[in-house]
Structure formats: structure tokens, C-alpha cells
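Colleague: I would like to go through the terms used for this model and see what stands behind each one. Please show it first.

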Amino acid sequence: MLLRQLEYLVALARERHFARAAAACYVSQPSLSAAIRRLEHELDVPIVRRGRRYEGLTPEGEVVLAWAHRILAERDALRQELSALRGGLTGTLRLGVVPTALPVASLLTTPFCEHHPRAGVAMESLSSAEITHGLTEFELDAAMTYLDDDTLRQVHRLPLYEERYVLLTPVHGPLTGAARARWSQAAALPLCLLNSRMRNRRIIDECFAADGVTAAPAIESDSVAGLYAHLPGGRWSSVISHAWLHMFGVPDGMRVVPLEGPAHGPRVGLVVAAGEPRSVLAEALLKVAREAGVRDALDELLRTYLKES
């Protein structure tokens, strides 16, 4: 059994299409198909359910796939340990990040690369479900996500910060001069918010409901960048996580207003798989994260913008 055959199987299960899997592995489709048939012959079990096109894996194939993920992860862990012994980590740290944590990811990735200049980072914006799958299948080394996610099992958690919600609103608007605002006052403004598929929006909706109102935003976005694109110009307001100020700041003509009542959200943190094989790159990121002071940096940033407002 060759490791390359296992890589082909993992690619096929991920892409669910022979041609796309072959392209991902930089081989021809006949070469990939032949390698998987050889794997079936060596293990003496059917792995792929074949019809006119890819139809999934057999029950035996699912077992082989789970072992393939583990074996390839063991290989990667071996390479990482050896590279560390040779004078520095190499390889690529695979980091999944929920979209609302992307604006602060550089607080970890930049010092990681400074500490380990021979290593790189491949960062993906993923949903909580995709992060859980990626950690389980050894497709991710680590992730930045909400720590209270019930689907996360057998992981080590390192809290980074707690989301704090504030109002971004025009300097010359309905709340001009207001030192603070209630959620009910924010709901009455022309709003743009993340859409309801986003975890952050569902949490914010709960905060509005706790103050007896329902927000009806005129504009919804599936990304923080899309939301911020609408804020300059003095028309729209938005409820944001204070962490977004790290990347996007406060647009011209806008100010930050603290929200009374429920204004704190869930914890965001770094998670890595708790089982074996141990990712040396993930352990290195954990060490960097413990020393990064993410919570203090974001709190100080918020205090600065509040003073300016």
C-alpha cells in the first residue's frame, strides 16, 4: 500500500468526482482510478461504489478512508517533528476560522510566522460545521471558532476573547451626542447586519429580543467585509463585534456607541484535536496564542475608539 494511493482516496472522498480528484492530485483520471483499484485489490475489499459516475464509498471504503486520514496525519506529524529537530518547523499550518473571527486572525498568524519563519499558514474561512469536520478528518491542524459549539468534541480549547457588541452609527444621526444606547434604540435605526445564517447575527437577535424588540435590517451580508462596505456615507448603522475594529476600524463619519443591557457574546478561542497524532504545528500555534494577549489587545482597542467617540 502506497501513501499516494491513500492521498488519492482522500481526494476522491473530498471532491466526490474522479476528474476533480485527479486534478487536485495533479494526475490523470485513469492514473487515479487505477491506483484506487490497486488499493482495493491489495486490501481485498471494494472501496468505491461505481456506476456511470462516482456514487460514494462502500461501508468498507468508509473504514479505509478513516484510516487513510489517520495514516496521512501520522506522516505529516512525523515530518513536522523531524523538521523541528533539524532547526525549525517547516510545513503548512492548516487553520480554519469562522468568518466573524477572520478580522483578528492576524493576531495569531503573524507572530506564528515570526517565530517559525520556515513554516507557512493556509487559512480558510469555514462554518462551525466545516471546522468540526476538518478537525475530525485531520484536514485542519487548528481552528478559531466559538468555544460553546456543542459539535466540538475531543478538542483542546484555548479562550482568546469574548465578543463584545457595540453600535456603529453616523456622527450626525439620530443618536448624535448620546453616550450610550439601548438595543431598542439601535433596532429603530436604518441597519445593516450579517444575515441570519451567521452565528453572530443569531446571537445579536437574542440581544435585541432581550430588550423587547426585533431588528429588521434593510441590508444583510454574509461577510463582515460586505457589511462594512455599506457603512461609510452616513446612512447606515450596525451592531458589530468589537473584534472587527482590529481590521476595519471606524469608517469616516461614524462613531462607536456602547450598548446598554446585554452586550457581551460568547467566547471565541483556538481549538486543536485532542487525540493522536499530535500536530506539532498546532502545538506551536497554541504556544503563540498563549502569549499573544488577544483579549487585552482588543479591549484596549475598544477603549481607544470609545474615547475618540
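This is a predicted model: local features need pLDDT of at least 70, side-chain atom pairs count only at pLDDT 80 or more; totals for chains, interfaces and linings use all residues.

Colleague: Why is D44 called exposed?

Modeller: Exposed means over 50% relative accessible area, buried under 20%, and partly exposed in between (1.4 Å probe, protein chains only). D44 has 66% relative accessibility, so D44 counts as exposed. D44 lies in the loop between α3 (29-43) and β1 (48-50), and has a positive phi of about 60° although it is not a glycine. Of the 309 residues of the protein, 49% count as buried.

Colleague: What makes α3 a helix and β1 a strand?

Modeller: Both are DSSP runs, numbered from the N terminus: a helix is H or I over at least four residues, a strand is E over at least two. There are 12 helices and 11 strands in the protein.

Colleague: What makes one space a pocket and another a cavity?

Modeller: On a 1 Å grid over the protein atoms alone, a cavity is a set of points where a 1.4 Å probe fits but cannot get out, whereas a pocket is an open set with protein on both sides within 12 Å along at least five of seven lines. Lining residues have an atom within 4 Å of a point. Grid points are joined across faces, edges and corners, and a volume is the space filled by probe spheres set on the points.

The largest pocket holds about 610 Å³. Its lining has 24 residues, and E7, L72, R75, D76 and R94 are the closest to its centre. α4 (59-85) gives the largest share of that lining, seven residues.

Colleague: Which residues lie nearest the centre of the largest cavity?

Modeller: F138, D141, P277, R278 and S279, out of 17 lining residues. The largest cavity holds about 200 Å³. F138 lies in the loop between α6 (128-136) and β5 (142-146), and F138 too is not a glycine but has a positive phi of about 60°.

Notes. Residues are numbered from 1 along each chain as its sequence is written. Side-chain values use heavy atoms; hydrogens and water are left out.
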